[in-house]
Amino acid sequence: MAEERKVSTLEKTARDWLVERGVTIDDIADLVYYLQSKYHEDLSMDDCRFNVNKVLTKREVQNAVITGIQMDRLAEKKMLEEPLQSTIEVDESLYGIDEIIAFSIVNVYGSIGFTNYGYIDKQKPGILQKLNDKSSGECHTFLDDIVGAIAAAASSRLAHTIAGDAEV
């Protein structure tokens, strides 16, 4: 029988906050499938979920998730000072800190993650389209990039694993 892994408070918080913001493991797994299905004919959603879950065990990823979500929450509550408040509220195109946090996630699994992230960030499929919709009144300036980065990292992890790399 497999040994049960102890989940840290940080990981539990990151996972809980994703769900509270409307993002499930399946939503992110769908993005992984979107990115990788054309390269792996036998790719299953279970493979995608497995790799998303592995990415979420990384402390760097957990820290990015809680930092970004906290910033989005503060912006929704109008608790940031200007000009930062307006910048984050409207997801100002020249504000790149949200992408920098996403890069910290993508970087965990190497350079292939950057191309995956750039592609999915432009395409905005699935949950990313919903998170990018400003009409909901919710602020997801950081979260949309973080979710895309988790999917890109999971795709990179999948590619490394299929290529025969040691456990990543």
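**Close-up 1. The contact of helix 7 with helix 9 in a predicted model.** In this predicted model, I112, G113, N116, Y117, I120 and D121 of helix 7 (112-123) meet D145, G148, A149, A151, A152, S155, S156, A159 and H160 of helix 9 (143-162), where contact means heavy atoms within 4.5 Å, and where helices are DSSP runs (H or I, at least four residues) numbered from the N terminus. By class, this contact has seven nonpolar, six polar and two charged residues; Ala, Val, Leu, Ile, Met, Phe, Trp, Tyr, Cys and Pro count as nonpolar, Asp, Glu, Lys and Arg as charged, and the others, Gly among them, as polar. The axes of helix 7 and helix 9 come within 8 Å and cross at roughly 135°, with axes fitted as lines to C-alpha atoms over the stretch in contact and angles running from 0 to 180 degrees between N-to-C directions. Helix 7 is therefore oblique to helix 9, given that angles under 35 degrees count as roughly parallel, over 145 as roughly antiparallel, 65 to 115 as roughly perpendicular and the rest as oblique.

Residues are numbered from 1 along each chain as its sequence is written. Local features need pLDDT of at least 70 and side-chain atom pairs count only at pLDDT 80 or more, while totals for chains, interfaces and linings use all residues, and side-chain values use heavy atoms, with hydrogens and water left out.

**Close-up 2. The contact of helix 2 with helix 9.** On helix 2 (residues 25-36), I28, L31, V32, L35 and Q36 meet V147, I150, A151, A152, A154, S155 and L158 of helix 9. This contact has 10 nonpolar, two polar and no charged residues. The two axes come within 9 Å and cross at roughly 55°, so helix 2 and helix 9 are oblique to each other.

**Close-up 3. The loop between helix 4 and helix 5.** A cis peptide bond, with omega of about 5°, joins E82 and P83, and P83 is found in the loop between helix 4 (59-76) and helix 5 (84-89). K78 also has its place in the loop between helix 4 and helix 5, and the phi of K78 is near 55°, a positive value in a residue other than glycine. Most residues other than glycine have a negative phi, and most peptide bonds are trans.

Definitions and conventions: Helix = DSSP H or I, 4+ residues; strand = E, 2+ residues; numbered from the N terminus.
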